[in-house]
Amino acid sequence: MATWLQSKWRYLFMFLGVQLVVMALLSREGYHKRVSYFIRIFRKPETTASGTSGAGSPHARNHTGSDVYANLSLLAKAHGRGDDMPYCPKTSPLIGGPIHVSFPSGLTLAQVARKNPLVVRGGRYRPPDCEARHRTAIIIPHRNREHHLKFLLYYLHPFLQRQQLNYGIYVIHQAGNYTFNRAKLMNVGFREAMREEDWDCLFFHDVDLIPEDDRNTYMCDANPKHAAIAMDKFGYKLPYKMYFGGVSALSPLHYLKMNGFPNNYWGWGGEDDDIGIRVSLGGMFISRPSVKVGRYKMIKHKLDKGNDVNPRRFNMLAKTRQMWKLDGMNTVEYEVLSRDHFPLYTNITVHIGTEAGLHATVPSPKIPAKAPAKPPVEAPTKPPAKLQQEQQQNQPTNH
Ligand code: UDH
Ligand code: NGS
């Protein structure tokens, strides 16, 4: 009997010991974290981000984040801005963290404008109740991506308002059909935006990348910032250490220190790597937000017509060290064909020429020999008539 009791006590003590260890582990890792981990295992998987809840819905949310418009109702239109407005707080109280992103069909620019009543002509905004601490211009290189632009505007306007920025959105539209040149359009955007306002930060932003967390603040750092560090298409990881593509932010001083961006990368690839190299040649470093915050969803698409992979890009990259002072902001040549202050953005349509210069013609390798002759200079294009019509119906609000 005594031996039986002895062994019973032994088991009881062992059981209590195991419980103690489990409790100690739970409290060390954070009870809530652990419990929610177990709950997640047993919970039914939720619908995907592009699933049922639409971006237009005020209740669009799932576990990945909240509706980007959710807390903007807290903003009231100010009754006349005085000189004595207080500065906005250093950290905006409207920032909420992860944002739910989906791409429902049927969204129109008019709907986006209605959801952003405080945005004024040219896509400009200032917080109504405080003086912004930061002035940020968004520069978007563009051609034939109106569908993506609508989504970007839908998400970017409230995202920037949540950050209490004084901001403006510029779309730099390449005229004609000649090979696309992303970096040169950025140089145009820099000069044209700075002509309008003394911006203290410029965000160079691909049209197809939607930020997924509003703690990714669109303000400049002491060094050039690479913001699109974690994209869904790369599994929310940096694809390689020197990657500087997608979305980056530079102050005017940073931009001039590296002589802006290269003008001679025609077609897809390499220009963002060249820009990354220029950062270090200009004596600066690349700064980055955390991977938790610098998250972006890319609107899926194929390589565009007129933006074939540039076969010269590797040779050009090998020469960045020799070229960066000879080609960049100090040599950029272009002709602005139109500047339109639409309700949600400023559109600058620009003629940027070809490899051979602004007015010279080169036989394009992209055009087959039998193709009809092109005019000597690329015919200027405006944004498609449909988009313009939509913009005009949606007349600007007053400043
Ligand atoms: N862009 C346009 N129109 C074009 C081409 C590019 O607006 O015709 C702009 C747009 O802002 C875009 C950015 O330039 O987001 C970058 O171009 P991209 O989206 O084509 O480049 P990305 O590297 O995607 O994001 C390429 C898709 C597949 C490339 C495969 C090559 N191996
Ligand atoms: C590199 C390209 C970059 C490009 C990056 C991501 O290889 O321009 O891939 O491309 N550099 C060169 O080609 C030299 S992506 O996966 O987004 O298509 O940005």
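Start by selecting Trp268 and ligand 1: a polar side-chain atom of tryptophan 268 lies 2.8 Å from an oxygen atom of the ligand, a polar contact in the sense of a pair of N or O atoms within 3.5 Å (within protein, one must be able to donate a hydrogen and the other to accept it, and residues adjacent in sequence count only if both atoms are side-chain atoms). Before you move on, note that this is a predicted model, in which local features need pLDDT of at least 70 and side-chain atom pairs count only at pLDDT 80 or more, while totals for chains, interfaces and linings use all residues. Residues are numbered from 1 along each chain as its sequence is written, chains are lettered from A and ligands numbered from 1 in the order in which they are written, and side-chain values use heavy atoms, with hydrogens and water left out.

**Stop 1: around ligand 1**

The backbone of proline 141 places a polar atom 2.8 Å from a ligand oxygen, and histidine 301 has a polar side-chain atom 3.2 Å from an oxygen of ligand 1. On its own, ligand 1 exposes 680 Å², and the protein buries 80% of that (accessible areas by the Shrake-Rupley method with a 1.4 Å probe; for residues, only the protein chains shown count as cover).

Now show the 15 residues around ligand 1; Pro141, Arg143, Val207, Asp208 and Trp268 come nearest (a residue is near if one of its heavy atoms lies within 4 Å). Colour this shell by class and you get five nonpolar, three polar and seven charged residues (Ala, Val, Leu, Ile, Met, Phe, Trp, Tyr, Cys and Pro count as nonpolar, Asp, Glu, Lys and Arg as charged, and the others, Gly among them, as polar).

**Stop 2: around ligand 2**

Next, select ligand 2 with Lys233, Gly270 and Asp273. A polar side-chain atom of lysine 233 is 2.4 Å from a ligand oxygen, a polar backbone atom of glycine 270 is 2.8 Å from an oxygen of ligand 2, and aspartate 273 brings a polar side-chain atom to 2.6 Å from a ligand nitrogen. Taken alone, ligand 2 exposes 450 Å², of which the protein buries 73%.

Which residues surround ligand 2? Among them are Phe234, Tyr240, Tyr243, Trp268, Arg313 and Leu317. The largest share of this shell, three residues, comes from α8 (helices, H or I, of at least four residues and strands, E, of at least two are DSSP runs, numbered from the N terminus). By class, the shell has six nonpolar, two polar and four charged residues.

**Stop 3: the largest pocket**

Where do the ligands sit? On a 1 Å grid over the protein atoms alone, a pocket is an open set with protein on both sides within 12 Å along at least five of seven lines, a cavity is a set of points where a 1.4 Å probe fits but cannot get out, and lining residues have an atom within 4 Å of a point.

The volume of the largest pocket is about 770 Å³ (grid points are joined across faces, edges and corners, and the volume is the space filled by probe spheres set on the points). Of its 37 lining residues, Arg182, Asp206, Trp268, Glu271 and Asn307 are closest to the centre. Highlight β2 (135–142), α5 (182–196), α7 (271–281) and α8 (313–317), the elements that give two or more residues to this lining.

**Stop 4: the largest cavity**

Finally, select Arg182, Met186, Phe204, Phe244, Ser248, Phe261, Asp272 and Ile275, which line the largest cavity. About 40 Å³ of space lies inside this cavity, and its lining has five nonpolar, one polar and two charged residues.
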